[in-house]
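I open the notebook and load the model.

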Amino acid sequence: MGEQYLLEMKGISKSFPGVKALDNVNLQLRAGEVHALLGENGAGKSTLIKVLGGIYHAEEGEIYIEGQKVDIDGVVSSRSAGVSIVHQELVLVPYMTVAENIFLGREMGSRMNIKRRQMSEEAQKLLDTYEMNIDADMLVEKLTIAQQQMVEIVKAISFNSKILVMDEPTSSISDKEVGFLFETMRTLTKKGVGIIYISHKMSELEEICDRVTVMRDGQSVGTRVVKDTKKDDLIALMVGRELTNYYTRDFQKPGEVLLKCEHISDGKMVKDASFELHKGEIIGFAGLVGAGRSETMKAVFGLTPDMKGTVYVEGQQVHIKSPIDALKYGIALVPESRKEEGLYLVQDVRYNSTIEVLGQFIKMLRVDAKKEEDITQKYIDMMATKTPSQQQIIGNLSGGNQQKVMIGRWLATDPKILVLDEPTRGVDVGAKAEIYAIMNELVKQGMSIIMISSELPEIINMSDRVYVMYDGHVTGCLDHEDVTQEKIMQLAAK
Amino acid sequence: MAVRLKNGVVKYFKDNIGIIIALLAMCVFLIIFPTTRSTFLTQKNVFNILRQNASNLFLATGMTMVIILGGIDLSVGSVIALSGCVAAGCVVHLGMPEAVAFLIAVGIGALVGMANGLVICKTNIPPFIVTLASMNITKGIALVYTQGAPIRCMTDGFKFPGAGYVGPIPTPVILMLIIFVIAILLVNRTHFGRHIYAVGGNAQAARFSGINVSKVKFLVHTFIGVMAGIAGVVVASRLYSGQPTAGDGAEMDAIAAVVVGGTSMSGGSGRLGGTLIGVLIIGVLNNGLNLMGVDSNWQYIVKGFVILLAVYVDFIRNRKAGR
């Protein structure tokens, strides 16, 4: 071999009390390549990145950069070795300008006399180099999430790093912005920068990555060239077994119309949305970010004061003024962002599972603790949620298990119509397959599901019919038999 | 049932073991220490501690709920002053029966709480600022009403809630028990109680859960207003007078008891049971320092350090427990 890698991590091991987070992990990054790091939640990707970033210290193993052994014992030494990391969570200061953020902690000028003008010019030059249409003097809080992500990346680049790590940079940005991001990445790799790219999205791998290293249970289980590898093989590597049925769906003949919504609008994002849902079917809602899909469902669910339009449940017109009304008509909504709209993070699994159904076990100043436990357990079992106990604080569970608790919470209300908004976002592959299987089981039992999703493959494979929205309007409805990515995109970006 | 009760008691000790040890350590020290040995563990002194801290327990009970809600109420000290003065004024100037005067005084507390709640819900101004304003307004009304002078009221009926006895037990001790039990039931055994945690933990999620967030906030602020009103009556009764300066700094003692009791200032979690111990720790500390003859100016300094220490120890313990 004798090939000199830009970065080589050899035999890295790291333990935390009770778990071996990394076990003899190897990773080789070439100059000018985008190297994907793939694995389920908890596989050790983030730990490995933190070892590289100097946040954790590995007990065993060696790190070589351009053939030279380096000793990374802190954030500073990692950075001076040429490593920059864009973390999943944005860590910009909202009330500072873009320039100030880029140079935070290494301001130009002297300690008592910071040269703002010079910093701003320098930052603007950087932004322009990568053709980012962002003003260096803007306050960060005025930027969109995607723009903030771009600023993070420029900040990382500005250290003149040879190695750039991106941890799920596309989880919160739209397709168009993903396009910009990929452009930037290509520009960088042409200059010889090596990029380690962490993502759950398979479609992105094919588009941007050259090679991929798969991790499972703290070990690196294989490195492949992306264009020579089938997606199914990668998934099998990740989960350690063949997922024969990734999408489980037994299509059946739908029943009568259960929910009919006509000319829904909310005075803002939703302009005119009509759709209907039959008993025992899954309908998908596709569209770009900002098309008004989530907002349509929020309006139907009674969360929008200025909602207009008519809603029929089982042929009867209903007026849903609040989520309580919605529940009364058998409609449950599992919201899009778990952390902001769903979870009570400091509370345990039991509290989070039962908050919708307090009436079933709290009566007249008596709490039926046994019943509360039984309800919680029922949905832990049904969803196959992995939790050490019911008293586990939910913030400590993985994204997939949090999502399962969320779905279980709303299933406990015994709904006829279940609305799932991005049910598999930030959920690892194994848990995704389990969620699909549960959805299939539920509709077989006669429930009806509305699924909003930005992942076209899951929409296409799971839905009886796919509604597509653009700019607050429903622009079309495609049947399962003839739905394709191309047809959806045509309707979604008129 | 008996098993459940036993489990509950065991859990209570487990949850609060740190502060219970701190409280016991203080008591043991005061029982052994030469100058307090003969006085601390007498019936008179124990009742005295409970009587003096009844008002703080009322405030801290309400404050625990407000803090779980993710807010704060700084106006409770001023409510003590206003409701006490109104109670005394109604009896002395208007010749009302004491019971009616007390009800009006508690009603005044409720009104202040409702006003706080209403402004917080309608304007979204942070509770810290809203209650800082109402603290000043309420205090001002008490001063204007009394023209700065105490209203003395020596009738037996007026003395009953703060200075009286039911059998051998001081009335405020009975009131403490009743109100604390009501609060425990409210927080632990009603939908409303769970909704408080939901709103404090994640108001946005609570909205998706169909919880009326404004209503919960309004009711909790009304509740703490009522608590402060009752505290005002008890304090005025114990002092035989409505004083416009009573309750100065009482809100801080209540907040101290809540945080010593293990409730997090960031909202969404907390325990009334811990608050009870917190109130007792601060009460025993004040009492012990008095019995030891520590200069009252120095007492502030000692108290400050003890609060810091208690919260720090609890923090370390929780971190070790991985919470």
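**Entry 1: a strand pair.** I started with β13(A) and β14(A), which pair in the antiparallel sense over five bridges. This is a predicted model, so I read every value as computed from it. I then looked up one bridge in this pair. Val257(A) has His278(A) of β14(A) as its bridge partner.

**Entry 2: the other neighbour of β13(A).** I checked β16(A) next. Five bridges join β13(A) to β16(A), and the two run antiparallel. I picked out Cys261(A) here, and found Val311(A) of β16(A) opposite.

**Entry 3: on to β17(A).** How many bridges pair β16(A) with β17(A)? I found three, again with the strands in the antiparallel sense. β16(A) covers residues 308–313. Val313(A) stands opposite Gln316(A) in β17(A).

**Entry 4: the whole sheet.** I put the pairs together. They give an open sheet of four strands in chain A, with the order β14-β13-β16-β17 and antiparallel pairing. Which strands are at the edge? I noted β14 (273–278) and β17 (316–318) of chain A, since each of them pairs on one side only.

**Entry 5: domains of chain A.** I stepped back to the division of the chain. Domain 1 of chain A runs over 7–239, and domain 2 over 257–492. How far apart are the C-alpha centres of the two domains? I get 33 Å. The contact between them takes 10 residues of domain 1 of chain A and nine residues of domain 2 of chain A. On the domain 1 side, helix α8 (residues 231–239) of chain A gives the most, with three residues. I sorted that side of domain 1 by residue class: three are nonpolar, five polar and two charged.

**Entry 6: chain A overall.** I counted 17 helices and 24 strands in chain A. Along its principal axes, the C-alpha trace of chain A spans about 70 × 50 × 50 Å.

**Entry 7: the contact with chain B.** I turned to the two chains together. Their contact takes 23 residues from chain A and 18 residues from chain B. Which elements of chain B give two or more residues to that side? I listed α9 (191–201) and α10 (203–208) of chain B. α9(B) gives the most, with five residues. By class, the side of chain B that touches chain A has five nonpolar, nine polar and four charged residues.

**Entry 8: confidence.** The model has ipTM 0.85 and pTM 0.82. Chain B averages a pLDDT of 92, and 97% of the residues score at least 70.

Key. Residues are numbered from 1 along each chain as its sequence is written. Chains are lettered from A and ligands numbered from 1 in the order in which they are written. This is a predicted model: local features need pLDDT of at least 70, side-chain atom pairs count only at pLDDT 80 or more; totals for chains, interfaces and linings use all residues. Two strands pair if DSSP finds at least two bridges between them. pLDDT is the predictor's confidence in each residue, from 0 to 100. Two residues are in contact if their C-beta atoms, placed from the backbone, lie within 7 Å. Ala, Val, Leu, Ile, Met, Phe, Trp, Tyr, Cys and Pro count as nonpolar, Asp, Glu, Lys and Arg as charged, and the others, Gly among them, as polar. Domain bounds come from an automatic or database domain assignment.
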